[in-house]
Amino acid sequence: MTIEQVATAINPWLVAQQQFDLAAERLNLDPGLRRVLREPRRELTVHFPVKMDDGSVQVFTGYRVQHNLGRGPAKGGIRYHQDVSLDEVKALAMWMTWKCAVVGIPYGGGKGGVIVDPKHLSMRELEGLTRRFTTEISPLIGPDRDIPAPDVNTNAQVMAWMMDTFSMHRGHTVPGVVTGKPISLGGSEGRNEATARGTVFCIIEAVRHLGMELARCRVAIQGFGNAGSIAATLIDAEGASVVAVSDSTGGIHNPDGLDIKRVIGWKKEHGTVQGFPGSTDITNAAVLETDCDILIPAALEADQAMFKAGKFMIPDILCNAGGVTVSYFEWVQDLNRDHWSESVVNAKLKEIMVKAFSETLAIARREQVDMRTAAYLLAVQRVADATAMRGLYP
C-alpha cells in the first residue's frame, strides 16, 4: 500500500475525534460535555457558480465549519485544494479549537475550504471564485463571529478580496473580518513569518529542555514553502546547520550544511530545490530519514513515525500556533485601529509561545505523558472549563 493510499484511507475527522476522546477520557470529562465538544457547532456547505474566462459557468463546492465558540469567535483558515472534503474541514476546525486554547488566545476553532485546484484558474477566475465564496459564507463570518485567514493555496491577496467583498455588503470597511491581509489593508507586521517564527521559538525551548546546543544541531526540513523556507532562514540565523530540505518535487542534502539564502534563490529561479549546486538530490521520503538532530515536517501533515519511535516531539497544535497568534494580534490591531511594530509583534509572540511550551511541558512531566497528549490535555481542559462555565442555553 502506498503512502498516498494510506493517507486516503485515513478519515481526518475520525482521527480528530479519537484524539479528543483520549484526552476527554484522561480528563474524566462529563459525558454530556464530551458529546458537545466532539461535534462541530455549525457546518455550512455551499455550491456556487463562477463565470470562467471562456464564458462558461462552473459550479464549485465550498465549506465553512465552526467547531466551538465557547472561548470566543471562530478562527481558522480558508484552503483552496482539489482534495478538500467536509470531514477534512471539520477536523481542521476542531484542531483549531485546541490550537487556540493551548496558546491561550480567546478564539474558538473554525475552518473553510473550496474544492478547486487554483493552479488551473486565471487571476480573474480566482478573484471571482473568492468573492462569490465570501458572499456565500457571509452569514457566518464577521469580526465578532468568525474570522478567516490564509491557508493552503490562499494568501494576502485572497484575504484582501474577502475583506473587500464583506465590506461592500456592509457599506463600510471591515478590516477585522479576516487576518493575513496586506499591511496596507490592516495586516500585521510579522504575520508572514509568524508560523515559522513560533516554531523556532518552540524549538529553542525544546533544545534547552533537552540539554542540547542549537549551534551544534543539524536540521532537516520537509516542506520548503512559505513556512518551511522561513523556518530554515530563522533557524540558520540561530546558528544551526540546515542539512536537508525538500519541496513537492523532491529534496536536497548536504551533510556540511546548505546555504539557505542561495537555496531560496535557486528555487525562485528554477521552481525546485533539486539540482542546487553542492548538494545531492534525494527523495521527499529520504528527508524524513536524514541523519539530523532536529526534524521539521513543514508539509501538509506531519509524519507519525517519529512519534512512535519515542522521539521528543513538539505537537503540531503548539508548534505551528504562531500563525494564529499573530492573526489574533492583527485582529486586535484592526479592532483598535492600531498598528504595532514588528519588534512588538515578535516580542509578544515569543512570550505566548514560550509560556505555552512551558505549560505543556509541565503537564507532560506531571502526568508522565508525551508532549502531544499534554497539549491536548491542556487545550481540551480549557475549552471544557469555558463551555461548562457558560452552561447550556436555554
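This is a predicted model: local features need pLDDT of at least 70, side-chain atom pairs count only at pLDDT 80 or more; totals for chains, interfaces and linings use all residues.
Local features require a pLDDT of at least 70 and side-chain atom pairs count only at pLDDT 80 or more, whereas totals for chains, interfaces and linings use all residues. Residues are numbered from 1 along each chain as its sequence is written, and side-chain values use heavy atoms, with hydrogens and water left out.

Salt bridges were assigned where a side-chain nitrogen of Lys or Arg lies within 4 Å of a carboxyl oxygen of Asp or Glu. The count under this rule is 24 salt bridges. One of them joins Asp 146 and Arg 64, with an N to O distance of 2.6 Å. This pair connects distant parts of the chain, 82 residues apart, with Asp 146 in strand 5 (residues 146-150) and Arg 64 in strand 2 (residues 57-66). Accessibility classes follow the relative accessible area, computed with a 1.4 Å probe on protein chains only: buried means under 20%, exposed over 50%, and partly exposed in between. Asp 146 is buried because its relative accessibility is 0%, and Arg 64 is likewise buried, with a relative accessible area of 0%.

A salt bridge also links Arg 208 to Glu 205, their closest N and O atoms being 2.7 Å apart. Both residues belong to helix 7 (residues 194-209); they are three residues apart and therefore separated by about one helical turn. Arg 208 counts as exposed at 54% relative accessibility, whereas Glu 205 counts as buried at 16%. In a further salt bridge, the side chains of Glu 359 and Arg 382 meet at an N to O distance of 2.9 Å. Here the partners are 23 residues apart and lie in distant parts of the chain, Glu 359 in helix 14 (residues 342-367) and Arg 382 in helix 15 (residues 371-390). Glu 359 is partly exposed, with a relative accessible area of 24%, and Arg 382 is partly exposed at 23%.

Arg 372, located in helix 15, is buried, with a relative accessible area of 11%. Its side chain makes a polar contact of 3.3 Å with the side chain of Asp 316. Thr 272 is placed in the loop between helix 9 (260-270) and strand 9 (280-282) and is buried at a relative accessible area of 15%. The side chain of Thr 272 reaches the backbone nitrogen of Gln 274 at 3.0 Å. Contacts, meaning heavy atoms within 4.5 Å, are formed by Thr 272 with Asp 247, Thr 249, Trp 266 and Lys 267, when residues up to four places away in sequence are not counted.

For helix packing, axes are lines fitted to C-alpha atoms over the stretch in contact, and angles run from 0 to 180 degrees between N-to-C directions. Helix 5 (residues 123-137) packs against helix 6 (residues 156-170) at an angle of about 45 degrees, with the axes 9 Å apart. Helix 5 is therefore oblique to helix 6; angles under 35 degrees count as roughly parallel, over 145 as roughly antiparallel, 65 to 115 as roughly perpendicular, and the rest as oblique. Ala 196, Arg 197, Val 200 and Ile 203 of helix 7 meet Ala 227, Ile 230, Ala 231, Leu 234 and Ile 235 of helix 8.

Backbone geometry was also examined. The peptide bond from Tyr 393 to Pro 394 is cis, with omega near 0 degrees, and Pro 394 is in the segment after helix 15. Arg 337, although not a glycine, has a positive phi of about 50 degrees; Arg 337 lies in the loop between helix 13 (322-335) and helix 14 and is exposed, with a relative accessible area of 61%. Gln 368 has a positive phi near 55 degrees. This residue is in the loop between helix 14 and helix 15, and Gln 368 counts as exposed at 69% relative accessibility.

How values were computed. Helices (H or I, at least four residues) and strands (E, at least two) are DSSP runs, numbered from the N terminus. A polar contact is a pair of N or O atoms within 3.5 Å; within protein, one must be able to donate a hydrogen and the other to accept it, and residues adjacent in sequence count only if both atoms are side-chain atoms.
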